[in-house]
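These are my notebook entries on the packing of one protein chain.

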Amino acid sequence: MALLIRDLQRAVPLRRARLRRDCQILRQILGVGRFDLGLICVDDRRMRILNGRYRGRDAATDVLSFPFHPDLGVGDMPKPLHQDEYNLGDIFLGVEYIYRQSQVTTLHGICHLLGYRHSTETEWKQMFQRESNTLQLFNRLTGSNLQPLTQNSF
């Protein structure tokens, strides 16, 4: 299904074709290629506003995920009843923050959309394992050497 990428920032040059390709690979690896997904790239200022509004934190961050199916359990796949429910949700990428901090926020965001969290050590271990396994395959397919975002972050 559709992958919508919007670049609403000018702080960091963005290679949309590569982002699209890599995201499509991640969606296929995770088995969610038939679901719509929105990636919205924003700067630190806009991310700070969104983070404040939705999480009560006055700071830029790397990724905010807004799942279409918010009640998924860890690793559960959405079970759409209608065609218009084939939607994972939207991921806002703070590209300025990402540029400084991370290279794997799209995978991290998709894992959040699939119900993974990292608020406790148990949740962190589950999410870290999923990110590690996915990145291992992604790295083999793309020649990258990326590491999970959730290292020690619970």
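In what order do the strands form the open sheet, and what is the pairing? I found four strands in the order β1-β2-β4-β3, with mixed pairing. I worked from a predicted model, in which local features need pLDDT of at least 70 and side-chain atom pairs count only at pLDDT 80 or more, while totals for chains, interfaces and linings use all residues. Residues are numbered from 1 along each chain as its sequence is written, and side-chain values use heavy atoms, with hydrogens and water left out.

**Entry 1: the sheet**

I took helices (H or I, at least four residues) and strands (E, at least two) as DSSP runs, numbered from the N terminus. Two strands pair if DSSP finds at least two bridges between them. I noted β1 (3-7) and β3 (63-67) as the edge strands, each pairing on one side only. From one strand to the next, the twist averages 15°. I then looked up β2 (residues 36-42) and β4 (residues 87-94), which pair in the parallel sense over seven bridges. Within β4, Phe-92 stands opposite Ile-40.

Helix α2 (residues 44-55) packs on the sheet and touches β2, β3 and β4; its direction makes about 50° with that of β3. I counted as contact heavy atoms within 4.5 Å. Helix α4 also packs on the sheet, touching β2, β3 and β4, and its direction makes about 140° with that of β4. Axes are lines fitted to C-alpha atoms, for helices over the stretch in contact, and angles run from 0 to 180 degrees between N-to-C directions.

**Entry 2: α1 with α4**

I looked up helix α1 (residues 16-29) and helix α4 (residues 105-113), whose axes come within 10 Å and cross at roughly 40°. The two helices are therefore oblique to each other; angles under 35 degrees count as roughly parallel, over 145 as roughly antiparallel, 65 to 115 as roughly perpendicular and the rest as oblique. On the α1 side I listed Leu-19, Cys-23, Leu-26 and Arg-27, which meet Thr-106, Leu-107 and Ile-110 of α4. By class, the contact of α1 with α4 has five nonpolar residues, one polar and one charged. Ala, Val, Leu, Ile, Met, Phe, Trp, Tyr, Cys and Pro count as nonpolar, Asp, Glu, Lys and Arg as charged, and the others, Gly among them, as polar.

**Entry 3: α1 with α5**

I found α1 and helix α5 (residues 121-142) packed at about 130°, with axes 10 Å apart. They are therefore oblique to each other, and their crossing is right-handed. Arg-21, Asp-22, Ile-25, Leu-26 and Ile-29 of α1 make the contact with Thr-134, Leu-137, Phe-138, Leu-141 and Thr-142 of α5. I recorded six nonpolar, two polar and two charged residues there.

Phe-35 lies in the loop between α1 and β2, and Tyr-86 in the loop between β3 and β4, 51 residues apart.

Key. A crossing is left-handed if the near helix is turned anticlockwise from the far one by less than a right angle, and right-handed if clockwise.
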